[in-house]
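Dear colleague,

I am passing on the structure below, together with some notes on what turned up in it. Please read the notes with the model open beside you.

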Amino acid sequence: MRKVLFLAPRLDVMFKEGHVPLERGPIPAVRMPWHNLRTMVVEEHKRRGDDVRVLELPLWQFTPQVVQSLGADLCYVPHKMIDNFPVSNVNVMYYMQTVIPYLFTIDSRGWGASASNYPCTSFLEGETTGIGFNTLKARIFENYSKFKQPDFKDIKLPKDYVLYLCQIPHDETIRYHSRITVEQAIEATCRATKELGYPLVLKGHPVNQGAMVQLRQIADKYAHAIWLDDVSIHQLIPDARTVVVVNSGTGLESLLHQKPVITFGRADYDVVTNRVEGNNLRELLERPKFNQEAVKKFIDRWYDSCYNTTLHAGNDSFTKLP
């Protein structure tokens with residue numbers, strides 16, 4: 001019998017350091033899958049006869065020292081990776097919500113480009129069923145994304161535009177998975193599209209508007225650039241010639257729209273994108289590649305590798321746990 005420790009972040013407070021009220025507040029809908037993951041991981045280990053303990057704290061109060069002091073054989077750590085949460089003498093599995101809110105990754109090194117299976121070239125091998133791709137593609141036609149999207153509206157945009165989807169500049173996936181900052185990526189995209197004569201549409205991140213101010217100031221220097229906020233990504237992606245991101249999860253959603261994606265940083269899906277390397281951005285914008293069969297196969301295998309927190313009958317993804 002193993003001693004299993006599950007670190008569960010309080011879901012009614014910010015994940016970043018801040019005020020922690022004594023009274024519980026409502027849990028945002030996007031965070032309910034975190035609760036479901038906790039339930040399903042705990043149930044699976046109890047089914048195996050493991051001794052399971054759940055420790056719930058605000059995310060920022062978890063430390064490697066806390067984990068090491070509790071004497072677990074196996075510990076599940078949320079929203080972290082070995083790069084910023086190393087633990088000695090304990091088998092650690094890092095879990096993280098993906099851009100598809102009900103799907104999580106659980107890995108011994110971390111999430112995204114920190115995961116042990118990165119780069120995900122193995123996802124392009126073998127045969128697949130098409131279930132994952134078709135399941136996730138159906139979501140985009142219902143205007144679903146990780147964050148609530150506005151209803152479609154009547155807007156006029158130039159033809160054949162490049163779409164840049166913004167990220168929060170201080171996000172951990174920028175800090176740990178990209179040598180290029182969001183500001184640098186936007187500046188480079190603005191310059192390259194101007195030189196090529198391509199219209200550029202930039203979509204701000206819906207959660208942190210304050211962090212978008214500096215990014216919009218960069219775009220505002222260029223007459224050919226159009227900044228949008230209150231528009232669904234699923235309205236913008238289909239008409240774009242290509243989509244540019246650093247390493248946002250919206251890049252994966254753009255692949256579901258079967259659009260070529262250009263990535264500045266590292267992402268778990270970058271094995272099927274056009275990666276910026278050196279000075280090749282203009283070339284990628286002019287002739288972006290898109291391999292439909294590779295994209296479908298990748299998304300199928302990626303979907304199968306995730307832990308599905310929907311509580312439907314027959315869900316056996318948690319039998320993969322260590």
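Strands β6 (residues 162-165) and β7 (residues 200-203) run parallel and are paired over four bridges, where helices (H or I, at least four residues) and strands (E, at least two) are DSSP runs numbered from the N terminus, and two strands pair if DSSP finds at least two bridges between them. Within this pair, Y164 has L202 of β7 as its bridge partner.

Before going further, please note that this is a predicted model, in which local features need pLDDT of at least 70 and side-chain atom pairs count only at pLDDT 80 or more, while totals for chains, interfaces and linings use all residues. Residues are numbered from 1 along each chain as its sequence is written, and side-chain values use heavy atoms, with hydrogens and water left out.

The two strands belong to an open sheet of six, with parallel pairing and the order β8-β7-β6-β9-β10-β11. Its edges are β8 (225-228) and β11 (274-275), each of which pairs on one side only.

Helix α5 (residues 182-196) lies across β6, β7 and β9 (242-245), and runs at about 170° to β6; such angles run from 0 to 180 degrees between N-to-C directions, with axes fitted as lines to C-alpha atoms, for helices over the stretch in contact. Its end C-alpha atoms are 21 Å apart, which agrees with the 21 Å that its 15 residues should span at 1.5 Å a residue, the expected span being 1.5 Å times one less than the number of residues. After α5 comes G197, which has a positive phi, near 75°.

Several residues of α5 are buried, including V182, I186, C190 and L196, where buried means under 20% relative accessible area, exposed over 50%, and partly exposed in between (1.4 Å probe, protein chains only). The buried residues of α5 pack against β6, α4 (172-177), β7, α6 (213-219), β9 and α9 (281-286). Leaving out residues up to four places away in sequence, T189 touches Y164, L200, V244, F264 and L281, contact meaning heavy atoms within 4.5 Å.

Turning to the nonpolar cores, each is a set of buried Ala, Val, Leu, Ile, Met, Phe, Trp, Tyr and Cys residues joined through side-chain atoms within 4.5 Å. The largest has 37 residues, of which L7, L37, V41, Y76, Y95 and I106 touch the most other members. At least two residues of this core come from each of β1 (3-9), α1 (32-47), β2 (51-57), β3 (74-78), β4 (91-97) and β5 (103-107). Apart from it lies another core, of 36 residues, with C120, L165, I237 and L252 among them.

The loop between β1 and α1 holds R31, which counts as buried at 16% relative accessibility. R31 touches R10, L11, D12, V13, M14 and F15, if residues up to four places away in sequence are not counted. From R31 to Y102 there are 71 residues in sequence, yet the two are 9.2 Å apart in space, C-alpha to C-alpha.

On the cysteines, the search of the whole structure finds zero disulfides, a disulfide being a pair of cysteine sulfur atoms within 2.5 Å. The closest cysteine sulfur to that of C120 is in C306, at 9.8 Å, which is too far for a bond. C120 is buried, at 1% relative accessible area, and C75 is buried at 0%.

With best wishes
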